[in-house]
Amino acid sequence: MALVTRPDNFAVVLLGATGMVGQALLRQRGAHPVHALVRTPDGRDWGDGVHVVRGDLHGIPEALFPSRPYVVVHFATKQRDPDGTGFERTNVEGTQRLLERLSGDCRGVIHGSSMSVYGPGPHSGVTEDAPLAPLTPLARSRAAAEALITRHAVEAGLHAALLRPRFLLGRGDRFVLPTVVKLLKRRLQLGGDAVACSVIDVDDFGEIIWRLARRMVETSCPEQRAYNVACSRPLVRSEFLGTVRQALDLPWPLVTVSVPEGLLRTLREAPSRRAQAVAERLELMTRSQCLDVSRLQAVLDGPEDLLTRSPVDVLRAALEAFRS
């Protein structure tokens, strides 16, 4: 059984510090010490209280782990496969190596998974109890990492939180908003007006991670749970495009592209990695991807409820970051 620690007397061991979520976590950290594993510190200013350790999942130095209670935040996930080596080595084998290195001061592991473990969809209000049906190699590697972490946490008496967002908006977004803007400039719309998706501001996501970490050090009985992470109300395609178009003074789309299931199946089964990647992106853009976040809502506390924030307000804030 895990020991109870004063909620402010803990550190975070962060993997994936240079990514979109890792950077948001650092912006939201307050005075909490962070030990960050990075391949290349690249001379950036990490700020006081951030202890940077050079390495990767297959070469974790002992200096990464503090001599005080800590929570591991693991977002060092390979998201793309341009070199064709697959996702197994980083996402599965790397996670296993990390778990083998955790010391007795560890209170729990928070893992950056995604909604992709439920399968391609469409999804409307999918809960964490839905059966997992990962379709792509990346999604399968995420599901495998989730299973490893859960098993290790149960055996070691640790907390585990498996976080499953869909679309992240805000600082560092290189996919969602840039893709929508690019399509609008070409006067194209993928999917119908009723298509909806779950979104979350990346800085809100960082704050949620901190709250879950505090919960881990406050709670004596270890919990191993998955959490969907999103605004409680999804963002409908028509309000998504309307808000972006108005903010950036873009024209209405002239053509709405529907993608039949048969075409997606053909692309998925093609031997070309490029074709498979196109299928994955088309699924994301043309099928509803909506999460039920009741479980997360029940455990979060704080002066404001991050999950009831309007997704349109989240998008407007992301547009400000996009324009800057």
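Entry one, the cores. I looked up the largest nonpolar core, which has 44 residues, and found that I110, L163, F205, I208, I209 and L296 touch the most other members. A nonpolar core here is a set of buried Ala, Val, Leu, Ile, Met, Phe, Trp, Tyr and Cys residues joined through side-chain atoms within 4.5 Å. Buried means under 20% relative accessible area (1.4 Å probe, protein chains only). I noted that α5 (202-218) is among the elements supplying at least two residues of this core, as are β1 (11-15) and β7 (159-165). The largest share, 9 residues, comes from α5. Helices (H or I, at least four residues) and strands (E, at least two) are DSSP runs, numbered from the N terminus.

The model is predicted: local features need pLDDT of at least 70 and side-chain atom pairs pLDDT 80 or more, while totals for chains, interfaces and linings use all residues. Residues are numbered from 1 along each chain as its sequence is written, and side-chain values use heavy atoms, without hydrogens and water.

Leaving aside neighbours within four places in sequence, I found F205 in contact (heavy atoms within 4.5 Å) with V21, F75, L163, P165, L168, I200 and V229. I also noted a second, separate core of 32 residues, including V244 and L264.

I found M20, V21, A24, L25 and R27 of α1 meeting V202, D203, F205, G206, I209 and W210 of α5. The residues of this contact divide into 8 nonpolar, 1 polar and 2 charged.

Conventions. Buried < 20%, exposed > 50% of the residue type's maximum accessible area, 1.4 Å probe, protein only. Nonpolar A, V, L, I, M, F, W, Y, C, P; charged D, E, K, R; others polar.
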